[in-house]
Amino acid sequence: MLQKLYPNMYVPSILDINPDELQKNGIRFLLLDLDNTIIPRDADQFAPEIIHWLQSLLDRGFKLCVVSNNNNMRVNNLLEPLQIPCVVRAVKPLRQAFLRAMELLDADTASTAVVGDQIFTDILGGNRLGLFTILVVPMQGKEFWATKLINRRLEKLVLKRILRRVSHKDKKYYVK
Ligand SMILES: [Mg+2]
């Protein structure tokens, strides 16, 4: 059970995810969490470096889809200019939204990675489907009260275990 909570990779920020390395791992499709992964939860615009990162992946032929437990208005407004599709009200870690996102992208299990800041939604959800999972350190946005109260406390316990299992290379942790 605990295995399902461990990501394949753990990085300080989404910007530390190197497209070359994704390609080396056979990844062509990315299912991205929104809040506190690519934008602080209380922000209404992407930082320029995030737009640059997203655009450079798109330019290299990666297919992206945002999978968010958030509602559609905010997500649509943010993603429309970049023409990145999204699945909202996702109820992660349930599988359904990830499957819908993979269907939208015409993605297969072996070529798909999930990227997110929460172990109990993003990472667990991705691992349940056998996808490559990348945990990022949460951005500094204000968090949903239940996230703070429940998930983050439990995450602290799991993170300790994850950090015991990691091999450290560059700024990334590869979890065994
Ligand atoms: Mg998040």
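Author: A term to start with: buried means under 20% relative accessible area. Also, this is a predicted model.
Reader: Good. Which residues are the protein donors of the magnesium ion?
Author: Asp 33 and Asp 117 each give an OD atom, and Asp 35 gives its O. These donors lie 2.1 to 2.3 Å from the magnesium ion.
Reader: And how are the donor residues spaced in sequence?
Author: The pattern is D-x1-D-x81-D. Asp 33 lies in the loop between β2 (29-32) and α2 (48-59), while Asp 117 lies in the loop between β5 (112-116) and α5 (119-128), so the pair ties together parts that are 84 residues apart in sequence.
Reader: Is Asp 33 buried or exposed?
Author: Buried, because its relative accessible area is 7%, and the cut-off is under 20%. Asp 117 is buried too, at 2%.
Reader: Switching to α2. What span should its 12 residues have?
Author: 16 Å, at 1.5 Å a residue. The end C-alpha atoms are 16 Å apart, which agrees.
Reader: Which residues of α2 are buried?
Author: Ile 50, Trp 53, Leu 54 and Leu 57. Seen down the helix axis, the buried residues fall within an arc of 95°, so they line one face of α2.
Reader: What do they pack against?
Author: α1 (19-24), β2 and β3 (63-67).
Reader: Which exposed residues sit on the face turned away?
Author: Pro 48, His 52 and Asp 59.
Reader: What about the backbone just after α2?
Author: Gly 61 takes a positive phi there, about 95°.

Methods. Residues numbered from 1 in each chain as written. Predicted model: local features only at pLDDT ≥ 70, side-chain atom pairs only at ≥ 80, totals over all residues. Heavy atoms only, no water. Donors = N, O, S within 2.8 Å, 3.2 Å for Na, K, Ca; no water. Helix = DSSP H or I, 4+ residues; strand = E, 2+ residues; numbered from the N terminus. Buried < 20%, exposed > 50% of the residue type's maximum accessible area, 1.4 Å probe, protein only. Expected span 1.5 Å × (residues − 1). Arc of directions from axis to C-beta. Contact = heavy atoms within 4.5 Å.
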